Amino acid sequence: MTFLWTGRDDGPGDAHLRWHTGVRVYSREPGKGVVLIGFASDAGVRRNCGRAGAAAGPYALREALAPLALHDGVVVEDAGTVTVEGDALESGQAALGRVVTSALDNGRLPVVLGGGHEVAYGTYSGLAASARRAGRRVGILNLDAHFDLREARRPTSGTPFRQILVQERARGADVRYDVLGISRPNNTRALFDAAESFGVRYLLDEDCTRAAVAGFVDDMVADVDLVYLTIDLDVLPAAVAPGVSAPAGYGVPLDVIAAAVRRVARSGKLAVADVAELNPGYDVDGRTARTAARLIDTLVAGAGG
Ligand SMILES: N=CN[C@@H](CCC(=O)O)C(=O)O
Ligand SMILES: [Mn+2]
Ligand SMILES: [Mn+2]
């Protein structure tokens with residue numbers, strides 16, 4: 001479904017600016033600012049035996065962003081949505097990758113609105129194509145209760161980072177993968193072993209204090225040229241993020257996650273970001289969508305739009 005940016009209008013001019021009045025259609029020309037790209041998919045979640053519904057995520061995220069005030073001359077454009085039809089996940093990820101690459105090549109900060117966490121393979125593919133040409137080293141920072149390093153017969157929402165690491169190491173690329181918010185009871189021993197074998201650095205949810213997270217983020221940022229920030233909303237407590245496939249029984253507090261997002265956004269190295277796993281069908285009064293929209297606004301404001 002095509003989204004129309006509409007909502008409450010208090011009058012003309014910057015003083016009354018909101019997302020729905022400020023967001024423009026993506027020009028596909030060189031420029032600055034953020035480009036929103038939807039990825040309507042839950043094919044990966046379904047393959048991973050999760051609760052379907054994340055395909056409605058991009059629409060619900062735009063709906064939650066629309067009424068928010070837009071400050072400080074931030075520039076946001078909307079490139080529309082890549083839709084995964086049926087089970088055609090791989091071609092959808094490739095299509096998303098092409099849009100991300102073109103936005104990067106035009107000098108923009110792509111912000112992808114998922115979609116299940118299978119969005120990550122598409123987002124990363126788009127970044128990798130452009131980073132490879134420029135010889136830049138990429139770090140992936142995943143805010144997630146899960147490693148998503150599953151070994152599976154075919155790609156799912158639980159496999160994207162294994163796909164990326166296997167593929168990049170085979171071609172000799174030194175991509176770094178760090179995860180904040182891992183829940184020990186929600187990842188099997190096999191997944192912790194996979195993380196160790198890939199040299200993944202992580203912080204458990206219980207250890208995510210503001211100070212620990214700040215150090216963790218700074219360490220990664222200092223070690224890479226470009227950061228891909230991926231936010232799986234199930235990293236948050238179920239009280240603020242009930243509308244996901246796998247709600248957290250513990251979760252990292254919102255203020256800690258917001259501080260991590262702000263820190264990466266202000267680092268000057270953020271190249272691309274995505275928000276994954278919003279499942280509006282399980283949301284409670286738009287709580288998860290509103291939380292996600294707030295994080296996207298923090299990210300966009302921090303990066304300077
Ligand atoms: N993106 C998926 N992540 C999780 C889902 C876990 C669950 O459904 O309980 C995973 O595969 O580990
Ligand atoms: Mn997760
Ligand atoms: Mn995930």
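Helices, lettered H or I and at least four residues long, are DSSP runs numbered from the N terminus. One of these, H6, is followed by glycine 172, whose phi is positive, near 80 degrees. The model described here is predicted.

**Ligand 1**

- Around ligand 1 stand Asn48, His117, His146, Asp148, Arg150, Ser157, Gly158, Ala246 and Glu277.
- By class, this shell comprises 1 nonpolar, 5 polar and 3 charged residues.
- Oxygen atoms of ligand 1 have polar side-chain atoms of the protein beside them: one of asparagine 48 at 2.8 Å, and one of arginine 150 at 2.7 Å.
- On the side chain of aspartate 148, an N or O atom is 3.0 Å from a nitrogen atom of ligand 1.
- The protein buries 79% of the 330 Å² that ligand 1 exposes when taken alone.

**Annotated positions**

- An unreviewed UniProt entry gives the feature "binding site" at Asp144, His146, Asp232 and Asp234.
- These positions span 91 residues in sequence, but no two of their C-alpha atoms are more than 8.7 Å apart, so they gather at one spot.

**Aspartate 144**

- Aspartate 144 belongs to the loop between strand E5 (138-143) and helix H6 (160-170).
- The relative accessible area of aspartate 144 is 0%, so this residue counts as buried, the cut-off being under 20%.
- Beyond its neighbours within four places in sequence, aspartate 144 is in contact with His117, Val179, Leu180, Gly181, Ile182, Asp232, Asp234 and Val235.
- With histidine 117, aspartate 144 also makes a side-chain polar contact of 3.2 Å.

**Histidine 146**

- Histidine 146 lies in the loop between E5 and H6, and is among the residues around ligand 1.
- With a relative accessible area of 15%, histidine 146 is buried.
- Neighbours within four places in sequence aside, the contacts of histidine 146 are Val179, Ile182, Asn186, Asn187, Asp234 and Ala246.

**Helix H6**

- Buried residues in H6 are Pro160, Phe161, Arg162, Gln163, Ile164, Leu165 and Glu168.
- Cover for these buried residues includes helix H5 (119-134), E5, strand E6 (176-182), helix H7 (189-197) and strand E8 (226-232).

Definitions and conventions
Residues numbered from 1 in each chain as written. Chains lettered and ligands numbered in written order. Predicted model: local features only at pLDDT ≥ 70, side-chain atom pairs only at ≥ 80, totals over all residues. Heavy atoms only, no water. Near = heavy atom within 4 Å. Polar contact = N/O pair within 3.5 Å; in protein donor to acceptor, adjacent residues only side chain to side chain. Areas by Shrake-Rupley, 256 points an atom, 1.4 Å probe, with all protein chains shown as cover. Nonpolar A, V, L, I, M, F, W, Y, C, P; charged D, E, K, R; others polar. UniProt positions renumbered as here; feature names shortened; annotations may be inferred. Helix = DSSP H or I, 4+ residues; strand = E, 2+ residues; numbered from the N terminus. Buried < 20%, exposed > 50% of the residue type's maximum accessible area, 1.4 Å probe, protein only. Contact = heavy atoms within 4.5 Å.
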